[in-house]
Amino acid sequence: MLVALKRKAGEALLVGADIAGMVLSVSGAAVVAFLGKVMFAVVLLAVALGFFLRLSGRRKLVPPPFVPGWTRPAAGLLSILEVAVLTEATDMPVRFHQPGFEPWHWGLVVVALLVAYALNMRIFAALRGRSRVVTTQP
């Protein structure tokens, strides 16, 4: 009698575990879908907040400062030299005959050139701004 009772209790426990597993497996998809929608809403809220802050922080358009003609070629030449040194220093294969060459390496080189050019232009603009400071002597 006790053995039969234990067997029935074990079967009932297994049936309960099966039912709980089915309920959890069905509800898991719903929970994942709900959390996905919540995360999507958070991302959209962040994008909307970014647009709002960007538009609300707009200032009057000020004409860009005069940039001397020598700064663009100088920044271009300096960025080419910097990227060439960086490429050789890291031993990145950018020549077709080098072992390990991949075409996307040239994409990295182009991105590095653009970033270096932009930074060099900012540096030249900052240097030009400092050189125009007028000091008055008492």
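This is a predicted model: local features need pLDDT of at least 70, side-chain atom pairs count only at pLDDT 80 or more; totals for chains, interfaces and linings use all residues.

Student: Which residues make up the largest nonpolar core?

Tutor: A nonpolar core is built from buried residues joined through side-chain atoms within 4.5 Å. Here the largest one has five residues, namely V83, M92, V94, V109 and A116.

Student: How far apart are H105 and R95 in sequence and in space?

Tutor: They are ten residues apart in sequence, and their C-alpha atoms are 9.5 Å apart.

Student: Where does T71 lie, and is it buried or exposed?

Tutor: T71 is found in helix α2. Its relative accessibility is 2%, so T71 counts as buried. The side chain of T71 reaches the backbone oxygen of P68 at 2.8 Å. T71 also touches M121 and F124, again not counting residues up to four places away in sequence.

Student: What can the backbone angle phi tell me about D91?

Tutor: The general idea comes before the case. Most residues other than glycine have a negative phi. D91 is not a glycine, yet it has a positive phi of about 60°. This residue lies in the loop between α2 (71-90) and α3 (104-131).

Student: Is D91 buried or exposed?

Tutor: The cut-off for an exposed residue is over 50% relative accessible area. D91 counts as exposed because its relative accessibility is 59%.

Student: Which residues form a nonpolar patch on the surface?

Tutor: The patch consists of V15, I19, M22 and V23, which together have about 380 Å² of accessible area. One of them, M22, lies in helix α1 (residues 2-56). M22 is exposed, because its relative accessible area is 53%.

Student: How many salt bridges does a search of the whole structure find?

Tutor: A salt bridge pairs a side-chain nitrogen of Lys or Arg with a carboxyl oxygen of Asp or Glu within 4 Å. The search finds one. In it, the side chains of E11 and R7 meet at 3.9 Å, N to O.

Student: Why are E11 and R7 separated by about one helical turn?

Tutor: The reason is that they are four residues apart in helix α1. As for accessibility, E11 has a value of 44%, so it counts as partly exposed.

Conventions: Residues are numbered from 1 along each chain as its sequence is written. Side-chain values use heavy atoms; hydrogens and water are left out. Buried means under 20% relative accessible area, exposed over 50%, partly exposed in between (1.4 Å probe, protein chains only). Helices (H or I, at least four residues) and strands (E, at least two) are DSSP runs, numbered from the N terminus. Patches are made of residues with over 30% relative accessible area and no salt bridge: like charges are joined within 9 Å, nonpolar side chains (Val, Leu, Ile, Met, Phe, Trp, Tyr) within 5 Å. Accessible areas come from the Shrake-Rupley method with a 1.4 Å probe; for residues, only the protein chains shown count as cover. A polar contact is a pair of N or O atoms within 3.5 Å; within protein, one must be able to donate a hydrogen and the other to accept it, and residues adjacent in sequence count only if both atoms are side-chain atoms. Contact means heavy atoms within 4.5 Å.
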